[in-house]
Amino acid sequence: MAEDVNDDVKTGADPRDEEAVSRFVERFAAQLTEAGMQRMAARVFARLLASDGGSMTSAELGEALRISPAAVSGAVAYLSQVNMVSREREPGSRRDRYVLHNELWYETFTRRDQILTLWEKTLRDGAAGLGPDSPAGARVAETAAFFAFMQTELLSLMDRWRTHRATLNLP
């Protein structure tokens with residue numbers, strides 16, 4: 001069994017119900033896949049999220065998910081590219097650990113804000129080029145306005161989240 005799977009046993013806590021962990025991982029991964037994430041990346045991400053340490057080696061991921069090293073590698077490459085995980089070298093070892101970013105969801109939505117800004121600018125330029133009085137120009141201008149609205153709301157939401165998180169006594 002992978003090292004991470006036994007973390008609770010090492011700390012003296014009740015052992016985790018590995019069947020329940022597996023059900024959670026597969027259920028959440030399926031939801032992430034439905035939302036557009038690559039299937040294997042979704043499974044690897046969900047398993048990292050379910051690990052107590054928020055990090056696992058390639059071998060641990062492969063064993064926990066019953067997938068090949070190549071599948072782990074491809075999933076981790078995707079997750080790294082979209083800044084959801086990073087690679088860290090295990091001290092005194094040649095093995096890498098794949099680690100969830102701190103404040104993962106906050107960072108993910110903050111990056112979405114940057115994307116919304118880029119899309120909004122491109123859409124405004126597109127609307128001007130299409131002509132504001134044309135049906136296509138009006139449609140593109142409305143889409144730009146939607147992204148501007150979303151960006152404003154997202155920034156406000158992230159500020160409220162930080163304030164709320166401070167009240168939760170989370171590590």
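Student: What share of the 171 residues in the protein is made up of buried residues?

Tutor: In this predicted model, buried residues make up 35% of the 171 residues in the protein, where a residue is called buried if its relative accessible area is under 20%. The accessible surface of the protein comes to about 10800 Å², and 56% of that surface belongs to carbon and sulfur atoms.

Student: Which elements does the protein have, and in what order do they run?

Tutor: There are seven helices and three strands, and from the N terminus on the elements run α-α-α-β-α-α-β-β-α-α.

Student: What makes the three strands an open sheet, and which of them are the edge strands?

Tutor: The three strands form an open sheet in the order β1-β3-β2, with antiparallel pairing, and the edge strands are β1 (55-57) and β2 (85-89), each of which pairs on one side only. Neighbouring strands of this sheet are turned by 30° against each other on average, with direction ignored.

Student: How many bridges join β2 and β3?

Tutor: β2 and β3 pair over five bridges, again in the antiparallel sense, and the bridge partner of R89 is D96 in β3. The hairpin of these two strands has six residues between the strands, and in this hairpin G92 takes a positive phi near 70°.

Student: Why is β3 called largely enclosed?

Tutor: Five of the five residues of β3 are buried, so β3 is largely enclosed by the rest of the structure. Both faces are covered, with D96, Y98 and L100 buried on one side and R97 and V99 buried on the other. Helix α3 (residues 39-50) lies across β1, β2 and β3, and runs at about 80° to β3.

Student: How do you know that the reach of helix α2 is close to what is expected?

Tutor: Helix α2 (residues 18-34) has 17 residues and reaches 24 Å from its first C-alpha to its last, which is close to the 24 Å expected at 1.5 Å a residue.

Student: Which residues of α2 are buried, and why are they said to be on the same side?

Tutor: In α2, the buried residues include V21, V25, F28, A29 and L32. They cover an arc of only 105° around the axis, which puts them on the same side of α2. An α-helix has 3.6 residues a turn, so residues three or four places apart point the same way. On the other side of α2, E19, R27 and E34 are exposed, the word exposed being kept for values over 50%.

Student: What is the reach of helix α7, and which of its residues are buried?

Tutor: Helix α7 (residues 135-165) has 31 residues and reaches 44 Å from its first C-alpha to its last, close to the 45 Å expected at 1.5 Å a residue. Its buried residues are G137, V140, A144, F147, A148, Q151, L154 and M158.

Conventions. Residues numbered from 1 in each chain as written. Predicted model: local features only at pLDDT ≥ 70, side-chain atom pairs only at ≥ 80, totals over all residues. Heavy atoms only, no water. Helix = DSSP H or I, 4+ residues; strand = E, 2+ residues; numbered from the N terminus. Buried < 20%, exposed > 50% of the residue type's maximum accessible area, 1.4 Å probe, protein only. Areas by Shrake-Rupley, 256 points an atom, 1.4 Å probe, with all protein chains shown as cover. Pairing = 2+ DSSP bridges. Axes fitted to C-alpha atoms, helices over the stretch in contact; angles between N-to-C directions. Contact = heavy atoms within 4.5 Å. Expected span 1.5 Å × (residues − 1). Arc of directions from axis to C-beta.
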